[in-house]
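I am opening a notebook page on this structure, and I want to keep to what I looked up, entry by entry.

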Amino acid sequence: MSDASSATARTIAQAPPSPLKDFWNAFSENRGATAGLVVFMLFLLVAIFAPLISPYAPDTQFRDALLQPPVWTDGGTWQFPLGTDPLGRDMLSRLIHGARFSFFIGIVVVTVATFFGVVIGVIAGFAPTWADTLIMRVMDIVLSFPSLLLALVLVAILGPSLLNAMVAIAIVLQPHFVRLTRAAVLSERTRDYVTAARVAGAGKMRIMFRTVLPNCLAPIIVQAALSFSTAILDAAALGFLGMGAQPPTPEWGTMLAEAREFILRAWWVVTFPGLCILVTVLAINLMGDGLRDALDPKLKRS
Amino acid sequence: MPLLEIRNLTVEFSTTSGAFRAVDGVDITVEPGDLMAIVGESGSGKSVSMLAVMGLLPWTATITADLMAFNGHDLRGMTAKQRRRIIGRDMSMIFQEPMSSLNPCFTVGFQIRESLKKHTDLDRKGRQERAVELMKLVGIPAPEKRLGAFPHQLSGGMSQRAMIAMALACEPKLLIADEPTTALDVTIQAQILELLTGLQERTGMALILITHDMGVVAETVKRVQVQYAGQKVEEQEVGALFDDPHHPYTAALLAALPERATERRLPTIPGVVPGQFDRPTGCLFSPRCRFADAHCKAVEPVQASPEMGLALCHYPLSHGEPTKKEQAS
Amino acid sequence: MLRFVLSRLVTFIPTFFGVTLVSFAFIRLLPGDPIQLLAGERSVSPERYAELEAQLGFDQPLWQQYFDYLFGIFQGDLGTSFVTRRPVLDEFMALFPATLELSICAIVLAVLLGIPAGVIAAVNRGKFFDQALMTTALVGYSMPIFWWALLLIIVFSSGLGWTPVSGRISLMYFFDTPTGFMLIDSAMSGEPGAFRSAVSHLILPTIVLATIPLAIIARQTRSAMLEVLGEDYVRTARAKGLAPLRVNGLHALRNAMIPVITVIGLSVGTLLAGAILTETIFSWPGIGKWMVDSIFRRDYQAVQGGLLIIAVIVMLVNLTVDILYGAINPKIRKR
């Protein structure tokens with residue numbers, strides 16, 4: 001009497017994958033996240049090697065080639081593959097250099113906002129109730145202002161420049177990190193391993209930053225990735241409003257602001273900088289989503 | 001004709017790290033008015049096989065079977081729409097966690113009347129009357145008032161009674177109770193089991209009780225099917241099973257019952273049910289079996305004769321001693 | 001329920017005072033002499049300086065200034081614009097309907113498209129529809145809306161000539177605007193074609209402003225639905241043999257709406273931030289454009305007042321959402 005099931009193939013014992021490998025499996029299975037990572041890496045390389053790749057310096061003006069269209073349209077030449085702007089500067093070179101600014105903004109803003117946000121968040125999570133309440137009320141106050149408006153006003157106070165725009169955006173983004181970190185800390189600090197560490201005689205600082213914090217990192221990493229794109233978008237928006245990087249800086253948002261009056265005559269000066277912002281931000285968001293899905297076991301496929 | 005007949009049911013889940021077989025070639029036969037239990041530890045695939053019958057598994061599950069028939073209908077070739085006409089009416093199910101199985105946003109009454117609206121021709125007034133009748137049937141006091149209550153206002157036992165009322169709304173031919181008492185207090189557990197068997201007797205429906213508790217089985221059902229790691233390892237009448245278990249796993253489960261303990265210390269089964277990554281070769285129970293030898297660890301066993309409880313074992317037990325060991329070696 | 005509302009109010013009040021403190025500090029944090037800044041004149045005579053100082057209360061101690069400021073707020077006095085010489089509150093109220101009209105249209109569009117999109121994506125998880133919808137949503141979420149606006153203008157206004165480039169209504173119409181809502185006023189004016197003109201002016205700004213909230217709502221609806229679809233009660237609903245539309249659209253969505261409502265409420269802040277860009281690009285005479293213009297005109301009294309009102313609006317909306325959240329969540333409601 002043969003059981004049909006005995007004839008079917010059976011999964012043979014295999015070692016469970018390591019957490020890192022499991023994370024990579026989940027991340028790389030997500031096609032969007034992989035695509036995002038590839039595009040992000042490409043932009044990063046362009047940003048690093050901008051002076052080597054770009055045909056011209058970003059501020060070189062070609063007086064006899066003002067508003068020349070891209071190469072595939074009538075009147076375009078290979079000399080300026082993506083055309084020139086109203087001052088006769090090569091679009092391609094400016095866009096390549098613009099990548100540097102966007103990544104610089106993203107890295108600085110995210111580092112600053114994450115650092116302060118996480119430290120304040122951990123402190124709030126461990127602080128006595130009154131201090132915790134005070135910190136969270138202050139964060140509530142910051143969050144009561146629409147982020148772009150607050151950044152705009154802060155820049156108005158500090159004076160329009162790229163650096164001040166970055167400071168303003170970091171201030172606006174930082175409460176999100178505080179809230180997230182505090183919530184994670186509060187749910188972790190009552191766990192048994194924390195009690196164990198305390199019983200073992202670990203100091204307050206050690207428990208806060210060595211015992212608890214590493215277990216709260218997953219949501220913070222995801223938030224950092226998503227903030228990277230917010231920082232780029234907000235900096236571009238400030239640049240567009242004339243409150244961020246100032247001309248002739250080849251920052252993408254600033255380039256858009258300069259090109260605004262030419263939208264009806266020269267579509268390429270408007271289209272390409274925005275496309276660069278969109279593609280970069282999209283790539284980072286795709287990665288952020290992939291990170292979240294891979295790090296959040298709740299949303300994992302069972 | 002059996003009410004529910006399943007042959008060689010297999011359920012696989014696709015996961016990020018490969019396919020996982022939760023149910024592996026299981027057979028189940030339920031006659032009308034039958035009262036049976038499916039027993040096994042967590043992870044033995046008992047719930048999954050019943051969810052497969054109900055068509056409630058997520059899309060990541062692949063279900064195959066040689067035969068899967070309910071009340072003369074082949075469930076395999078059925079469209080989702082045809083199946084929805086059967087489940088909730090002729091075949092219904094209650095679950096392990098009564099508190100989370102009721103929708104927190106709707107009143108109990110709404111959720112009971114909803115079943116009636118879907119499957120019967122009763123008008124609004126008729127549905128309300130039937131709902132009150134059902135609440136009385138499952139022993140909920142002040143039914144009119146409780147129908148207007150939200151689930152979080154009920155205790156666990158009350159919630160499970162409400163779930164049972166909902167499942168019985170259309171007088172099903174088969175009720176599947178998936179660990180209906182696990183999440184409840186011990187005192188409530190007995191009440192719910194009594195209620196279920198009483199209702200089974202009164203209505204003549206068939207009842208499948210899924211449980212991991214052999215103690216529950218002894219007092220409640222007529223026939224027992226034991227599952228381990230997705231496979232059916234034994235099937236017997238309840239009396240015979242308790243007298244003479246044929247599969248070492250069944251024997252070990254019974255030995256772990258406090259009321260049957262002979263020694264001072266309660267015997268346990270070492271280890272856990274194999275998961276996706278530690279599936280052994282040969283007999284799946286061999287790593288935890290005290291009778292296993294090299295043959296067991298290398299070769300997959302086949303089903304024994306019906307006299308030996310269809311035990312999936314190379315050396316089925318007879319009165320506690322392995323048989324056929326001599327022939328095999 | 002009453003206790004719940006009260007507990008929300010308790011957190012609202014200190015935040016409100018914090019916000020007044022921020023807007024109070026704004027002018028005093030600006031680099032340079034505040035009176036010089038507010039006056040905006042090249043050289044202020046000493047008499048004029050003293051007059052202004054007394055008028056604005058800058059000669060008082062700081063705490064006195066703050067209390068006067070608070071006192072003013074509760075009397076509806078947010079200062080006077082130095083550029084237009086009109087009370088800031090009046091200016092704000094005159095422009096607010098334009099922003100409100102645009103924001104309402106945008107949020108309605110975002111909700112009407114976003115929730116069904118999220119539900120459809122969640123139900124078809126991992127399949128083509130899900131991927132297509134969620135890719136679109138992510139593109140929307142990543143969109144620099146100031147560029148998106150310019151693109152739409154290039155295509156629909158200058159390319160196809162379907163929609164006007166800026167403003168709320170064509171210049172050829174002139175009528176009273178008693179409500180401030182151009183759609184209502186134009187319909188009531190009886191002028192032929194006025195309503196049509198108002199609608200056509202509204203289309204592109206609405207799309208632009210709705211883009212990011214739409215993407216956020218769609219994504220949030222999907223993830224809330226996915227979470228809820230794994231719940232036991234959804235399985236119960238399916239075990240009753242209910243049709244997918246009822247299981248997903250009633251049993252699951254009703255529970256999934258709880259976090260989605262929160263997100264819709266929170267997107268009011270996003271909406272007002274978006275209004276800054278949208279109104280600037282489309283020359284929409286609302287408070288977003290007014291704030292940007294005021295910053296550039298150095299009309300700091302207006303900026304200070306606007307900052308406060310906008311923050312209070314955001315806070316009030318969040319408070320309402322919190323209370324609404326309690327109202328649709330029976331676990332809180334019955335407590």
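Predicted model: local features only at pLDDT ≥ 70, side-chain atom pairs only at ≥ 80, totals over all residues.

Residues are numbered from 1 along each chain as its sequence is written, and chains are lettered from A and ligands numbered from 1 in the order in which they are written.

**Chains A and C**

I looked up this pair and found 34 residues of chain A in contact with 37 residues of chain C. On the chain A side, two or more residues come from each of helix 5 (129–144), helix 6 (147–158), helix 10 (217–240) and helix 12 (267–295), where a helix is a DSSP run of H or I with at least four residues, a strand is a run of E with at least two, and both are numbered from the N terminus. Helix 12 of chain A gives the largest share of this side, nine residues. I then sorted the side of chain A that touches chain C by class and wrote down 26 nonpolar, five polar and three charged residues; here Ala, Val, Leu, Ile, Met, Phe, Trp, Tyr, Cys and Pro count as nonpolar, Asp, Glu, Lys and Arg as charged, and the others, Gly among them, as polar.

**Chains C and B**

For this contact I noted 18 residues from chain C and 24 residues from chain B. Helix 10 (232–239), helix 11 (244–282) and helix 14 (330–333) of chain C each supply at least two residues of the side that touches chain B, and the largest share, seven residues, comes from helix 10 of chain C. By class, this side of chain C has six nonpolar, four polar and eight charged residues.

**Chain A by itself**

I listed twelve helices and zero strands in chain A. Its C-alpha trace spans about 80 × 70 × 30 Å along the principal axes.

**Spans in chain C**

The unreviewed UniProt entry places the feature "transmembrane region" at several spans of chain C, including 256–282 and 302–325; such annotations may be inferred rather than shown by experiment. I checked residues 256–282 of chain C, whose end C-alpha atoms lie 35 Å apart and which are 100% helix. For residues 302–325 of chain C the end C-alpha atoms lie 34 Å apart, and that span is also 100% helix.

Key
Contact = placed C-beta atoms within 7 Å.
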